[in-house]
Every structure is written in structure tokens, then in C-alpha cells.
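Subject: Structure handover

Hi,

Here is the structure I promised to pass on to you. Please have a look at it first, and then read my notes below.

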Amino acid sequence: MAALEALKYTPAEETEMQQWIARADSLKSGADKSALDLLNNDLATRTTVLGTKPSKADIAVYEAVAPLVRAWTPEERTGQQGHPNIVRLVDFVQNSPLFGLNVSDKIPVDADNILYVKPPVDAKAEKERLKKEKAAAAATAAGGQAQTLVDRTKEAAAVVAEKATAAKDAVVEAVEGATGAKPQKEKKEKKEKQKRAPAPPPAPAVLSPCLIDLRVGHILKAIKHPEADSLYVSTIAMGDKPGTDDTAEYEGQICRTVCSGLNGLVPLEEMQGRKVVVVCNLKPVKMRGIKSSAMVLAASPKIKEGEADDHKGPVELVNPPADAKAGERVYFEGWQGEPEKVLNPKKKVWETFQPGFTTTDALEVAFDAGVVKELEGKSGVGKLVTESGGVCTVKSLTGAQVR
């Protein structure tokens with residue numbers, strides 16, 4: 001509990017905590033299915049009951065529902081009518097050192113045993129379907145009138161064309177009668193083609209790490225890649241608008257699918273329901289049959305000269321501030337600017353600036369301009385911060401590479 005006691009809460013958060021504790025008491029008295037369904041829905045977009053900040057209210061809810069979860073069948077846990085978000089919260093509270101419970105008889109939770117996954121809705125396809133239905137309905141309503149209008153227009157056009165042909169023939173006959181010969185068509189003089197002026201070269205892009213679109217991401221779900229032992233497949237909300245390419249709706253949020261080579265380096269339970277920093281404008285790539293549309297940032301020790309990059313770790317995910325919102329822009333101090341929509345792989349923007357991504361002695365993620373040779377003459381270290389002013393950090397790695 002020491003970690004919780006060190007946290008400070010706003011008056012609004014204190015009020016919400018008391019409401020959750022009262023709700024937990026009512027669940028202890030008797031929890032029917034409707035109350036559990038409502039709780040499961042409320043937890044769908046929350047890592048903790050307050051959103052992302054842990055509190056004693058999480059412990060209260062855990063104590064209320066843990067006996068129920070222990071007795072549930074796999075179908076009641078993660079089936080189509082199950083309560084997977086309640087199971088996730090129970091597993092989080094009993095295992096996280098933040099709550100300091102030291103549970104001796106933990107409820108076994110198999111993160112891979114998910115019986116039902118709600119199929120994602122392709123927002124773009126759904127928008128196109130509704131558009132076509134609307135157009136079809138409008139065409140049906142206009143039906144007969146539109147057809148009549150088209151037919152009359154065709155008739156009028158045919159009459160005009162017929163009259164024009166007759167007038168032309170009359171003129172030709174008159175000319176032939178006067179001269180006894182058919183008039184020769186004048187040869188059209190060929191116009192000299194004007195040479196187009198060469199297009200001006202494109203303006204050079206600003207040479208800055210701000211070209212990389214870094215945002216706060218919220219992992220709603222992470223599973224092992226079915227075809228690759230080293231990969232996780234995560235469903236991450238990162239502030240995209242409905243209809244954005246390579247997104248789908250999951251649990252009421254617009255998300256991207258992201259593959260990351262963290263299996264065996266970061267425990268799967270640590271990937272669930274957490275905030276991360278993501279690179280959002282890399283060109284999507286297929287990784288063992290699954291399209292990955294972003295990249296999760298993580299820190300690892302720098303490779304010494306002459307050593308091979310064996311990707312053995314240790315690896316620590318970059319942590320945005322606890323109160324950061326999914327989709328919030330993240331940038332390096334001193335390098336704020338507008339990112340590219342999609343990075344052109346041929347320009348190697350990511351490869352140019354990534355060597356400058358590092359961590360400080362204070363465990364803050366930062367950009368060291370002096371490391372990037374393309375920024376010759378520039379130096380200084382800028383912290384990785386959110387638009388709201390919080391600093392992104394790692395757990396323990398200093399002087400690390402971040403990628």
C-alpha cells in the first residue's frame with residue numbers, strides 16, 4: 001500500500017473513489033448478472049477504476065469480485081456472454097506491486113484462453129456501406145421521374161442533331177452548285193507546342209525529429225502472435241478518427257493493430273490495459289500475415305561497437321504520464337513541429353533520427369541532437385514530453401537506445 005499512499009488525488013478523484021467503494025460494497029451484498037454486465041462495460045476502457053491511476057477503490061472492487069471470478073467457468077470469464085474486463089482487473093490488482101496485496105492464493109488467469117473476441121468493425125467499410133444504401137434509396141425514390149427526364153433529354157438532343165445535319169447539307173449543296181466543285185477543306189496550321197517550364201524542385205522538408213508522429217497509445221488487448229513466437233499482437237487506441245485507414249472499432253474505440261517483437265522480453269500481463277508511446281506514421285507492414293500499423297517504443301541497452309544486436313534485452317516500455325490521454329501528441333522539447341502524414345521509407349527519416357533517441361540518468365526519454373550527423377552543428381538534449389507537459393520515462397535503463 002506504500003505506493004498508493006504516496007499518490008495524491010484531486011477532489012473529483014476522491015469523490016469518484018468513494019462512489020466505487022460504495023459500489024463494491026453493494027456487489028459484496030449480492031451481485032446479479034446485470035450489475036456484473038454493467039461493471040464489465042465500465043471497465044472496458046479503463047486500466048483502473050479511475051482510468052489509469054491506481055487507488056484503494058481498485059482493491060475494494062477486487063475484494064468484492066475476486067470470489068466470484070474464482071468460481072467462474074472459462075465461458076463465464078471470457079465467453080461471448082462473459083466478463084473479461086472484470087477478470088483483467090482482478091489479475092492486475094492481485095499481481096501488480098502498486099497495490100502491495102501479497103496475495104498468497106492468487107486466482108489463476110490464462111491470458112491466452114480467450115474464448116470470444118468481439119469482431120472489429122471496419123469503420124471505413126461501414127461508412128461506404130451506409131453511403132451506398134443512402135444513394136440506392138435516393139435513386140429508388142427518384143425512379144420514374146428521373147427516367148422520364150433522361151428520355152426527354154435524349155429526344156430533344158436527337159431533334160437538334162437532325163436539324164444541324166440538314167442545315168449543313170443545304171450549305172454544301174449551295175456551294176457546289178455555284179462553283180461546280182466541292183470546296184477543299186483548309187489545312188489547319190499546326191500550332192507549335194509550347195514547351196512546359198520544368199517544375200520547380202520540391203521545397204526541402206524541415207530536418208527534425210518532429211517529422212515522426214509520436215503519440216500516447218492505450219493498449220486495450222494484447223495476445224501472442226499465432227504464427228511468430230517472438231511477436232505480440234496488440235489492439236491500441238491512439239486517437240485516430242473514424243474512417244482512418246488501417247483502423248477498426250474495438251470496445252467503442254478506434255484502434256490500430258500493432259505487432260511488436262516483445263514476446264519473451266516483456267511479460268504479456270504487463271502489456272494489458274497500459275499506456276505506451278507509439279510511432280504512428282511508419283508505413284504499415286505485414287508481419288507473418290498480420291498487418292502492423294504502428295510501432296511501440298521501448299528502451300534497451302545500447303549496442304557496444306563490435307557487438308551483435310541479438311535483441312536479448314533487457315527491454316522496458318516507454319511510459320507516458322499516468323494521466324495522459326490516448327492520442328495525445330508527444331514530442332521532444334526544442335523540436336516541436338508538424339509530423340509527416342506517412343514517412344517515406346526512401347527518405348529514411350526514422351533511421352536518421354532514431355540513433356538520437358536515448359534515456360537520461362533521471363530515467364527520462366530524450367533526444368540527443370549531437371548523435372545525429374545530419375544535424376551537424378546542433379547539440380543539446382530535449383526531453384520527450386506530452387502536449388500537456390508530462391515527461392515520458394522508463395523504469396530503470398539509463399543511457400539506453402529507444403526504438
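Let me start with a helix pair: α4 and α6 cross in a left-handed manner. Please keep in mind that this is a predicted model. Helix α4 covers residues 56-71 and helix α6 covers residues 84-95. Their axes come within 9 Å, and the crossing angle is roughly 115°. On the α4 side, the residues involved are D58, V61, Y62, V65, A66 and V69. They meet I86, V87, L89, V90, V93 and Q94 of α6. Sorted by class, this contact has 10 nonpolar residues, 1 polar and 1 charged.

Helix α2, residues 11-29, packs against helix α3, residues 33-42, at an angle of about 145°. Here the axes are 11 Å apart, and α2 passes α3 in a left-handed crossing. W20, R23 and L27 make the contact from α2, while A35, L38, L39 and D42 make it from α3. By class, that gives 5 nonpolar and 2 charged residues, with no polar ones.

Is N41 buried or exposed? N41 counts as exposed because its relative accessible area is 54%, and the cut-off for exposed is over 50%.

Now for the cysteines. How many disulfides does the structure hold? The count is 0. A disulfide would be a covalent bond between the sulfur atoms of two cysteines. Two cysteines that I checked for burial are C210 and C255. C210 has a relative accessibility of 12%, so it counts as buried; the cut-off is under 20%. C255 is buried as well, with a relative accessible area of 3%.

Finally, some totals for the chain. Its secondary structure comes to 8 helices and 15 strands. The chain has 403 residues, and 37% of them count as buried. Among contacts with a separation of 6 or more, 70% are between residues 24 or more positions apart.

Best wishes

Notes: Residues numbered from 1 in each chain as written. Predicted model: local features only at pLDDT ≥ 70, side-chain atom pairs only at ≥ 80, totals over all residues. Heavy atoms only, no water. Axes fitted to C-alpha atoms, helices over the stretch in contact; angles between N-to-C directions. Helix = DSSP H or I, 4+ residues; strand = E, 2+ residues; numbered from the N terminus. Left-handed = near helix turned anticlockwise from the far one by under 90°. Contact = heavy atoms within 4.5 Å. Nonpolar A, V, L, I, M, F, W, Y, C, P; charged D, E, K, R; others polar. Buried < 20%, exposed > 50% of the residue type's maximum accessible area, 1.4 Å probe, protein only. Disulfide = S-S within 2.5 Å.
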